[in-house]
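This report describes a model with attention to its sheets, its domains and the contact between its chains. The sequence and coordinates are shown first.

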Amino acid sequence: MIQLRKAILAAACAVGLSLAATPSFSQTTLKAVMHSDLKILDPIWTTAYIVRNHGYMIYDTLLAQDETGAIKPQMLEKYEVSADGKTYALTLRDGLLWHDGKPVTPEDCIASIKRWGARDSMGQKMMSFVDTMTPNDARTFTIQLKEPTGLVLLGLSKPSSNVPFMMPKRVAETDPTKQIEDFTGSGPFVFAKDEWKPGDKTVYLKFDKYKPRSEPASGMAGGKVAKIDRIEWLAVSDQQQAVNALQKGEIDFLEQPSIDLLGTLKKDASITIVESPQAKLQYVFRPNHLHKPFDNPKIRQALWYAFNQEDFLMAAVGDPAYIKECKALFICGSTFGSVKGTDDVLTSNMKKAQELLKEAGYDGTPVVLMHSTDLKALTNLAPVAKSLMEKAGFKVDMQSMDWQTLVARRTKKDAPSAGGWNAFLTSWVTADVMNPVSTAYLNSSCEKALFGWPCDETMEKLRDQFARESDPAKQKVIAEAVQARNMEITAEIPVGEYLQPLAMRKNVKGLLIAPAPVFWNIEITK
Amino acid sequence: MIGYILRRLLQTIPVMLVVAIFIFLMLRLTPSDPAAIIAGDNANADQVAQIRRQLGLDLPMLQQFVIWIGKVLTGDLGESFFFKKTVAALVGERIEPTLSLAFFTIMIAVLVAVPLGVLAAHRQGTWIDRLVMGFSVLGFSLPVFVIGYLLIYVFAIWLNWLPVQGYQHISQGVGGWAQRLILPSLTLSVIYIALIARMTRASLLEVLSEDYIRTARAKGQIERKVLFRHALRNAAVPIVTVIGLGIALLIGGVVVTESLFTIPGLGRLTVDAVLARDYPTIQAVILLFSFVYVMINLAVDLIYTLLDPRIRY
């Protein structure tokens, strides 16, 4: 018995000592539920938004766009453009370090730009103008162009997938078709690879040696000051449970609460709903130009008259507070957003649609419309499209499937009767569709275009013109011409915009208005 | 006995082979393409084809199967298409939560269901019997996610006694581990309580009408001894069968519960892998489930010999 007492006393002392030894400071941890679990870690290899968000945690960019869309130096101290617009002299900020403690060099940046340029559609376009990229000294390098283009600044400050993140040379030299296996970045947080458990959680730790800019943070630009020691992204797949966890304080941050659950959150005094104007998405209808009936431009044009945006938005989102009817291809209110020439379309003018179908000689070939059923934001779009198309006189064969099956099927060029397809609907984050070059579905280079494979020389010439132009006023004129051309060839049809709010605990402060959720500048108050 | 065990173990080989062929074909014949999923929205056909080549999905199906089965035979379950980890490592990470959940669930189910079934049989035809059987019908009828949401609302949100979701590894503290398993285990155990209670009642009623029970009572044995020593032991074979089946079904049936309560177990891994068309992971997990199923059946057969000396292999 005496021995037992001694043992208990010893254990109590040990506990007491261990408590006494606990440091007086406490580590701040923020727990977030993102829109998806992180499974892939290479933001250049894939365009998935969750991987882009991961990229912003651990990597940095040479240039960045602020809250207003203005392009600002980020890793760069400065950049200078020669009078002829063909030489860009870039100077890195002093003291930039990789997470392994080595300095960031121009060689690292050149290799990173090359890898990004091999994967990203805007990067590919930009690289077609690049003659050479050469390091000058430990902090400066030069990009020499074959001819002037506005794409260098636009591309290197691209805010959404694929973002030109800078990586160490040894990592950036990875074959662009293969995923990287070294996750050393130079951003404000370090990826804790040992703690990464796909399907469970992803952990980021503050990078103490990160040197933020002195300017205040704005959008993706300015000082990236990490104010939280540890950030955990938890994989909660059930939306209701994510909301319950947020209300109970088990998590602090919910990136994309379901809009039908916002009512519950709004009634909770401990929760803040953030409606960032940059967290907007655009719904689009994508026809397949390879097969009947959409191989006929006039039949595709009938769609512009059959559709109206209100029906799509109300069916898919439902809450008028979060939707916006906007016929601009490049997003209403943005630099290149314009509604010029769109008055007559997207008004469900069925008479006009029927006339066009008659003129085109539509023979009743059924439209195989792929209907994604498992992503709530997309589920109700295809039934609306079917209904409106049928009213216009189309015969529609709507085929339901999960999103991943749709993603696989849309890459098939086979005839719709042999496993191919005619149309589907999806959504884009507005940051991805802000101009004619970044809007992937406008690529009309036939076989090289994305699924749907539009083939139009005029459109490609206009996109090239936009790429060559560096005067914003002239770029705007070209963007309007691209929009008009799209209404003729129907590479895609915008069927409305909606806002995706974000929810967080009231004690989480400092969230930036940005096209992607970023965690620098955020702090947790008592 | 050892000969029997060896024979049964050998019998698992063709079973596993059939499962392997079936799951392999099922995945390849479904209209999906992991390469397209991995490539993302902006990828063109060439990029998708490139990824398909890297993953070996462009090879003839037979060749893919031979490569895979060859690796499995050497203990290599392959590498996940998405997670950039070996499937063995992924499964290893996920086993503890699933086993914990299964263990808690079966414990609750057996500890609640067997006494309830005995009570219902003992009080056959009374309101107690009807109450137990009514609960049993309800347990069978309510979907797992409805029970889960109800329990979450009452115990986590309204009473604020338990966490809403999440899992804590046992190495981080037994208290937190157990606390996070209570709600999911209760949720999952309802259907097993219903199943085992019904089986216990039915089995016991059959035994209670036997002559030796009447003899035991005539000898003046107290009712508790009659029920638990004489009746329950002889009624145990079908009950153990149901519990064994329950454990086997649990291993594969934790999918909804793990998703609902955000438990990073094998069930969630399966769902994630299926949604992402992660062939190596799906194949490995299904093979594992099948193996566990076969082994539990073997274990149940061996337990019979302990419960009933007449059974010999």
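## Strand pairing in chain A

Strand β13 (residues 280–287) of chain A and strand β17 (residues 423–429) of chain A are joined by seven bridges and run in the antiparallel sense. Within this pair, R286(A) has F424(A) in β17(A) as its bridge partner. The structure is a predicted model, and the descriptions that follow should be read accordingly.

Both strands belong to an open sheet of six strands in chain A, with the order β14-β18-β13-β17-β15-β16 and mixed pairing. The edges of the sheet are taken by β14 (323–324) and β16 (396–401) of chain A; each has a single partner strand, so one side of each is left without a neighbour in the sheet. Strands of a sheet pair through backbone hydrogen bonds, in either a parallel or an antiparallel arrangement.

Another set of pairings in chain A involves β5(A). Strand β4 (residues 76–81) of chain A runs antiparallel to strand β5 (residues 87–92) of chain A, and five bridges join the two. K78(A) stands opposite T91(A) of β5(A). The hairpin of β4(A) and β5(A) has five residues between the strands, and there G85(A) takes a positive phi near 70°. β5(A) also pairs with strand β7 (residues 140–145) of chain A, again in the antiparallel sense and over five bridges. In that pairing, T87(A) stands opposite Q144(A) in β7(A).

| Strand pair | Bridges | Facing residues |
|---|---|---|
| β13(A) and β17(A) | seven bridges | R286(A) and F424(A) |
| β4(A) and β5(A) | five bridges | K78(A) and T91(A) |
| β5(A) and β7(A) | five bridges | T87(A) and Q144(A) |

## A loop position in chain A

S36(A) is located in the loop between β1 (29–33) and α2 (49–58) of chain A. How many other C-beta atoms lie within 10 Å of S36(A)? There are 16, and S36(A) is therefore partly exposed, since a residue counts as buried at 20 or more and as exposed at 12 or fewer. S36(A) and E255(A) are separated by 219 residues in sequence, yet their C-alpha atoms are 9.4 Å apart in space.

## Confidence in chain A

The mean pLDDT of chain A is 91, and 95% of its residues score at least 70. Where pLDDT is low, the predicted coordinates should not be read in detail.

## Architecture of chain B

Chain B has 14 helices and zero strands. Its C-alpha atoms fill a box of roughly 85 × 55 × 35 Å along the principal axes. Of the 313 residues in chain B, 38% are buried. For contacts in chain B between residues at least 6 apart in sequence, 72% join residues at least 24 apart.

The chain is divided into domain 1 (2–73) and domain 2 (91–307), whose C-alpha centres lie 33 Å apart. Contact between these domains of chain B takes 13 residues from domain 1 and 12 residues from domain 2. On the domain 1 side, the elements giving two or more residues are α1 (2–29) and α2 (34–39) of chain B. The largest share of that side, nine residues, comes from α1(B). By class, the domain 1 side has 10 nonpolar, two polar and one charged residues.

Helix α1(B) has 28 residues and spans 41 Å from its first C-alpha to its last, close to the 40 Å expected at 1.5 Å a residue. Is α1(B) largely buried or largely in the open? Of its 28 residues, the number buried is one, so α1(B) lies largely in the open.

## Contact between the chains

Chain A gives 33 residues to the contact and chain B gives 36 residues. On the chain A side, α7 (239–248) and α14 (403–409) are the elements that give two or more residues. α14(A) gives the most, with five residues. The residues of the chain A side that touches chain B comprise 10 nonpolar, 13 polar and 10 charged.

Terms used:
Residues numbered from 1 in each chain as written. Chains lettered and ligands numbered in written order. Predicted model: local features only at pLDDT ≥ 70, side-chain atom pairs only at ≥ 80, totals over all residues. Contact = placed C-beta atoms within 7 Å. Helix = DSSP H or I, 4+ residues; strand = E, 2+ residues; numbered from the N terminus. Nonpolar A, V, L, I, M, F, W, Y, C, P; charged D, E, K, R; others polar. Pairing = 2+ DSSP bridges. Domains from an automatic or database assignment. Expected span 1.5 Å × (residues − 1). pLDDT = per-residue confidence, 0-100.
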